[in-house]
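Open the structure in your viewer and keep the selection tool ready. Each stop says what to select and what is there.

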Amino acid sequence: MTTAALEPLAGRRCQNVLNSLHATHYFSPDLGRELGAAGVTHPHAVNFAVRAAALGPVGAGAVAAAFYNYKYELVARHVPTVWESATPGQVLAARARAVDATLRRLLGEEAVASAEMAEAARLALRATEACSRGARPLYAAHADLPVPEEPHLAYWHAATLLREHRGDGHLAVLMSAGLDGLEAMVTHTATGRGMAPKWVFSTRGWSREDWDAATDRLRERGLLEGTGELTERGVALRQEIERETDRLDRAPYEHLGPDGVARLTELGGAFAHAAVTAGAYPADLFGKA
């Protein structure tokens, strides 16, 4: 019997809706409350701690390398000293409590306890069976964590694995394309789908001067117009980056199969839409300005 082929963009669309729900906790007041109770109070320290905790009590170099688009000096102001306030294990426990509270608040108790949530968790976990650890440090570290028992937390855990699996591969593609972390953000923002510059400055540690210097480098390479818009070459490069990222990330979705990917995208899209409608993200997070 012939197995239907996976549509080229199906995996990307599925991962996008999964990532949308995963990322809600970074903007959740529940995260600040739980990490604050664990002794981590600065917003930057919270961000570094919750995403890096699976790696263990690593230093600034490891975090900056794995995260890629944060300014090293910002990371070094908070890592590794954050581990003096809370151990990675304490951070992971606090994050789990924050995710639980966030999903219950954004989605509602009925959705959290629904058959659809349990189904989404099963499908997403099945997809993760085909993920690979090689050269994927953030994915590999999170893959060593136990799968939560509650379906909504298991779904979030699987979404995290699929996010970091794609993300680690994406960084390899950016390096191959000759884009450093800030240049990658400038070009992504220029597509209209990336983070707005003011959020890059406030969360990633870069300044307007850093941004302008990266913009100048990209103009010299013929990737940006004088107005800051992508040139034809720039558009082609961004498209190639996404295609190559898709290629490196296709195994989980091929493993799940077209029907499973379509169903997971449907379920995940409904959960993500509900979270966005409930105010999960700042209104001005994305855009060119």
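**Stop 1: a charge over a ring**

Select arginine 51 and phenylalanine 67. The charged end of arginine 51 sits over the ring of phenylalanine 67, 4.7 Å from the ring centre. Keep in mind that this is a predicted model.

**Stop 2: helix 3**

Arg51 is among the buried residues here, as are His44, Ala45, Val46, Asn47, Phe48, Ala49, Val50 and Ala52.

**Stop 3: aromatic pairs**

How many aromatic pairs does the structure hold? There are 7. Select phenylalanine 201 and tryptophan 211 for one of them. Their ring centres are 5.8 Å apart and the planes meet at 90 degrees, so this pair is edge-to-face. Phenylalanine 201 belongs to helix 13 (residues 197-204) and tryptophan 211 to helix 14 (residues 208-220), 10 residues apart.

Now colour by accessibility. Is tryptophan 211 buried or exposed? Tryptophan 211 is buried, at 7% relative accessible area. Phenylalanine 201 is partly exposed, at 22%.

Next, select Phe27, Trp199 and Tyr281. Ring pairs link these three into a cluster.

**Stop 4: two packed helices**

Select helix 11 (residues 151-176) and helix 16 (residues 250-277). Their axes lie 14 Å apart, at an angle of about 120 degrees. That angle makes helix 11 oblique to helix 16. The crossing of the two is left-handed.

Finish by showing the side chains at the contact. Helix 11 brings Tyr155, Leu162 and His165. Helix 16 brings Pro252, Tyr253, Leu264, Gly268 and Phe271.

Definitions and conventions
Residues are numbered from 1 along each chain as its sequence is written. This is a predicted model: local features need pLDDT of at least 70, side-chain atom pairs count only at pLDDT 80 or more; totals for chains, interfaces and linings use all residues. Side-chain values use heavy atoms; hydrogens and water are left out. Rings of Phe, Tyr and Trp (its six-membered ring) pair if their centres lie within 6.5 Å; planes under 30 degrees apart count as stacked, over 60 as edge-to-face and the rest as tilted. Helices (H or I, at least four residues) and strands (E, at least two) are DSSP runs, numbered from the N terminus. Buried means under 20% relative accessible area, exposed over 50%, partly exposed in between (1.4 Å probe, protein chains only). A charge sits over a ring if NZ of Lys or CZ of Arg is within 6 Å of the ring centre and within 35 degrees of the ring normal. Axes are lines fitted to C-alpha atoms, for helices over the stretch in contact, and angles run from 0 to 180 degrees between N-to-C directions. Angles under 35 degrees count as roughly parallel, over 145 as roughly antiparallel, 65 to 115 as roughly perpendicular and the rest as oblique. A crossing is left-handed if the near helix is turned anticlockwise from the far one by less than a right angle, and right-handed if clockwise. Contact means heavy atoms within 4.5 Å.
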